[in-house]
Amino acid sequence: MTTDVPTKDLKDLLRRNGIPKAVLMGLQKKGVSGREFAGLKEKELIEIGAVDDHLRRKLERIQERMRKDMKGFINDAPPHLKKAADDLEKFYKANNVKEKIGKAQGIIDNFSDNPGLLVSEFQKKYPSKSKDIEFLRTLVKEHDSIAATRSTVGKKLDALYKKANSPDVGKGVHMVNCYSDAPKDLYSLVEPHYPTADLKFLADWAGVKQEDPKKKKKAEEQRKKAEEE
């Protein structure tokens, strides 16, 4: 790690990655910087509010990325947030808002869980610039679309849990949010327990090419036969 980020910036970055408010407040309470966060152990992650196993796995994936390249992680925003930050930076420069120049990414990160608030703020602050902040309205649409997709996938996963009488009933949306940065990991976690055909919705979301059920069954039979021999 060649750099560090203060607690406030760390909170913005983790919010951008879908980490819930309770954990962000836990980090703020302890005053943890980016470098310190990257070194937190499981017990310490629980102390800041990450009591759920799957949420801790997500935090651990983030920690790993931060340990490899803190600067790279800071700049590794999803494309729709990067574009919004670039457009916001141009807006500040075009309107000579000197005190905000260079801070666009942090501002977008800070509102990444509710960009509609940023639109409201800009409409009040810059009432004559309605056309110039169209990029923020686009950000809201993209945010809502991503959230709606995750909600739909999560509800379908929950229906699958319910059908199988799984102890994870009620956790579908939570699971999708926890693995939003690693959807293939969620598919791998769920896949062994359910028929391939029932998981098409999850495979489509995760970008996983499903194995043909007949070929999969045949391969499994061949594997068992080889073990017996």
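1. Start with two tyrosines: Tyr 161 is buried, and Tyr 194 is buried as well. Here buried means under 20% relative accessible area, with exposed being over 50% and partly exposed in between, using a 1.4 Å probe on protein chains only. Please keep in mind that this is a predicted model, where local features need pLDDT of at least 70, side-chain atom pairs count only at pLDDT 80 or more, and totals for chains, interfaces and linings use all residues. Residues are numbered from 1 along each chain as its sequence is written, and side-chain values use heavy atoms, leaving out hydrogens and water.

2. Next, the aromatic pairs, of which the structure holds 6. Rings of Phe, Tyr and Trp (its six-membered ring) pair if their centres lie within 6.5 Å; planes under 30 degrees apart are stacked, over 60 edge-to-face, and the rest tilted. Phe 91 and Tyr 126 are edge-to-face, because their ring centres are 5.1 Å apart and their planes stand at 80°. Phe 91 sits in helix H7 (residues 79–94) and Tyr 126 in the loop between helix H9 (115–125) and helix H10 (134–163), so this pair ties together parts 35 residues apart in sequence. Helices (H or I, at least four residues) are DSSP runs, numbered from the N terminus.

3. How buried are these two rings? Phe 91 counts as buried at 4% relative accessibility, and Tyr 126 is buried with a relative accessible area of 14%. Both belong to one aromatic cluster, formed by Phe 91, Tyr 92, Phe 122 and Tyr 126.

4. Now look at the largest pocket, with a volume of about 910 Å³. A pocket is an open set of points on a 1 Å grid over the protein atoms alone, where a 1.4 Å probe fits, with protein on both sides within 12 Å along at least five of seven lines; lining residues have an atom within 4 Å of a point. The volume is the space filled by probe spheres set on the points, which are joined across faces, edges and corners. Of its 34 lining residues, Arg 15, Arg 16, Asn 17, Gly 18 and Arg 150 are the closest to the centre. H10 supplies the largest share of the lining, 6 residues.

5. Finally, the second largest pocket has a volume of about 190 Å³. Its lining includes Val 5, Lys 8, Asp 9 and Ile 74. H1 gives the most to this lining, with 4 residues.

Methods. Helices (H or I, at least four residues) and strands (E, at least two) are DSSP runs, numbered from the N terminus.
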